[in-house]
Amino acid sequence: MNNIRKIGKYEIVGELGKGAMGVVYKGYDPAIQRYVALKVIRKAELDPTDSAAVLERFKREAQAVGKLHHPNIVAIYDYGEDDEFAFIAMELVTGRALREHIRSGYRPELKEFPEILVHLLEGLEYSHIQGVVHRDIKPANVLISEMGIAKISDFGIARIEASHLTKLGEVLGTPFYMAPEQFSGSADER
């Protein structure tokens, strides 16, 4: 996958990271002349038995989060698909995931920590009001910009009101960070 030079209209600049579903690249949008993060799924790497559901969930993530406009949620700019890839173009946050900060020994000062929590809670409150429940909040999905702004990323398993893509009893997420009702798949999850 390292030899990819272009996906859709985006020029690939480098790789930012890998996740369970695909790769996140740093891309460049020549039309608007800005850098973006591209979350990319290579269709050939999907299990054929559930590829349609995975691609539908991926597209639904773009649609749901694309409607969310909040300073503490990573902005979605574009969704695209071709024969080889499905991708989401999103805001490129210059900074690091909270997970990387913690691993490098970062411990916020007492005055900084409440500010990070407020950013996180404001973003979550906004998304919940809009009917989108993240369901996988963990340090890897909280980006801290160089300006100290916390931004929620990766709504890939979000529960979206009126969506059929996540069924009652279906357990998705990172078990270590799940709420008990989410882990058990109970109806009270919200």
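Here is a walk through the charged side-chain pairs of this structure. The model is predicted, so to speak of local features a pLDDT of at least 70 is needed, side-chain atom pairs count only at pLDDT 80 or more, and totals for chains, interfaces and linings use all residues. Residues are numbered from 1 along each chain as its sequence is written, and side-chain values use heavy atoms, with hydrogens and water left out.

Side chains of opposite charge can pair when their charged atoms come close. Taking a salt bridge as a side-chain nitrogen of Lys or Arg within 4 Å of a carboxyl oxygen of Asp or Glu, the count is 7.

Let's start with Lys-9 and Asp-29, whose closest N and O atoms are 3.3 Å apart. (Strands are DSSP runs of E, at least two residues, numbered from the N terminus.) Asp-29 is buried at 2% relative accessible area, while Lys-9 is partly exposed at 37%; buried means under 20%, exposed over 50% and partly exposed in between, with a 1.4 Å probe and protein chains only.

Next, Glu-84 pairs with Arg-42 at 2.7 Å. Because Glu-84 lies in the loop between β5 (76-81) and β6 (85-91) and Arg-42 in strand β4 (residues 34-42), the pair links parts 42 residues apart in sequence.

Glu-91 and Lys-151 also form a salt bridge, at 3.0 Å. Glu-91 belongs to strand β6 and Lys-151 to strand β10 (residues 150-152), so parts 60 residues apart in sequence are tied together. Finally, salt bridges with shared partners join Lys-39, Glu-61 and Asp-154 into one network.

Note on methods. Helix = DSSP H or I, 4+ residues; strand = E, 2+ residues; numbered from the N terminus.
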